[in-house]
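Hello,

Here is the structure I promised to pass on. Please open it alongside this note; my findings follow below.

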Amino acid sequence: MISVTQGALGLASGTLVGFSLGLVGGGGSVLAVPLMVYVVGVPDPHVAIGTSAIAVATNAAFNLSNHARGGTVKWSCALTFAAAGIIGAFVGSIFGKMLDGQKLLALFALVMLVIAALMLKTRARAGLPDVQMNWSNMPAIVGLGLATGTLSGFFGIGGGFLIVPALMLATGMSIMNAVSSSLVAVTAFGLTTAASYAWSGLVSWGLAGLFITGGIAGGLIGTRLARLLAARRGALNTVFAAVIIAVALYMLVRSLTPILTGPS
């Protein structure tokens, strides 16, 4: 059962998660998992991962519709990337459930720091305005989609923080197009991972519903802010990297503390 306090915290946390998805196309599960574990008080990291996956996938689909109305989704690239990644997400989720929950969070935090450094390095790049999938970039889209999907499933995340830079690397598209297009894959990866965890009974459906409800409101605000920041060269990249670094450092501290201190 979810207490009233947990319900209120879940709703507020969902709003923050939806805001992040709308703003940078990522941060859904990256924020949702630590919020569920450290704020809402979900005791099992694997239940937090499974619950966040279904909530984030639903919120990502809602935010995708907002970005699609703005015409910034590169559908050919996004759909191919997502299709390749679904296979990887399914395989990755199987292995992710075999690893200790706290170690899983710590490992993902390290991956996030590497991604943040790469985003800051390329923050001034404008990106190509009219990117479409073709024979020259299709191998990179498929290959990076498969690799990103595997990591997404392994860490139990929607994968936006991995998908956005991967799309930019594979196609040369701008970060605004990558943020919008990434939501196709975030939705697909999240649903694939959620199905795997739900099959194992590792989803709290009531908490997922609260996260989804809060995320709808947060997503509307985040999408509008993303369009404003996209007009400023490098601003959205910098915000993207800053969010990753902050969350990664917090996750490292919280997940490594019990490992380093050991039993009391």
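Ser196 is buried, because its relative accessibility is 8% and the cut-off for buried is under 20%. Keep in mind that this is a predicted model. Ser196 sits in helix α8, which covers residues 175–199. Which residues does Ser196 contact, leaving aside its neighbours within four places in sequence? They are Ser93 and Lys97.

Now the chain as a whole. The protein chain has 10 helices and zero strands. The chain holds 264 residues, and 55% of them are buried. Take the contacts with a separation of 6 or more: 85% of these link residues 24 or more positions apart. The accessible surface is about 10,900 Å². Carbon and sulfur atoms account for 73% of that surface.

Next, helix α3. This helix runs over residues 45–69, 25 residues in total. At 1.5 Å a residue, α3 should span 36 Å. Its end C-alpha atoms are 36 Å apart, so the two values agree. Is α3 enclosed or open? Of its 25 residues, 19 are buried, so α3 is largely enclosed by the rest of the structure.

Both ends of α3 deserve a look. Just after α3 comes Gly71, with a positive phi of about 75°.

Best wishes

Technical notes. Residues are numbered from 1 along each chain as its sequence is written. This is a predicted model: local features need pLDDT of at least 70, side-chain atom pairs count only at pLDDT 80 or more; totals for chains, interfaces and linings use all residues. Side-chain values use heavy atoms; hydrogens and water are left out. Helices (H or I, at least four residues) and strands (E, at least two) are DSSP runs, numbered from the N terminus. The expected span of a helix is 1.5 Å times one less than its number of residues. Buried means under 20% relative accessible area, exposed over 50%, partly exposed in between (1.4 Å probe, protein chains only). Contact means heavy atoms within 4.5 Å. Accessible areas come from the Shrake-Rupley method with a 1.4 Å probe; for residues, only the protein chains shown count as cover.
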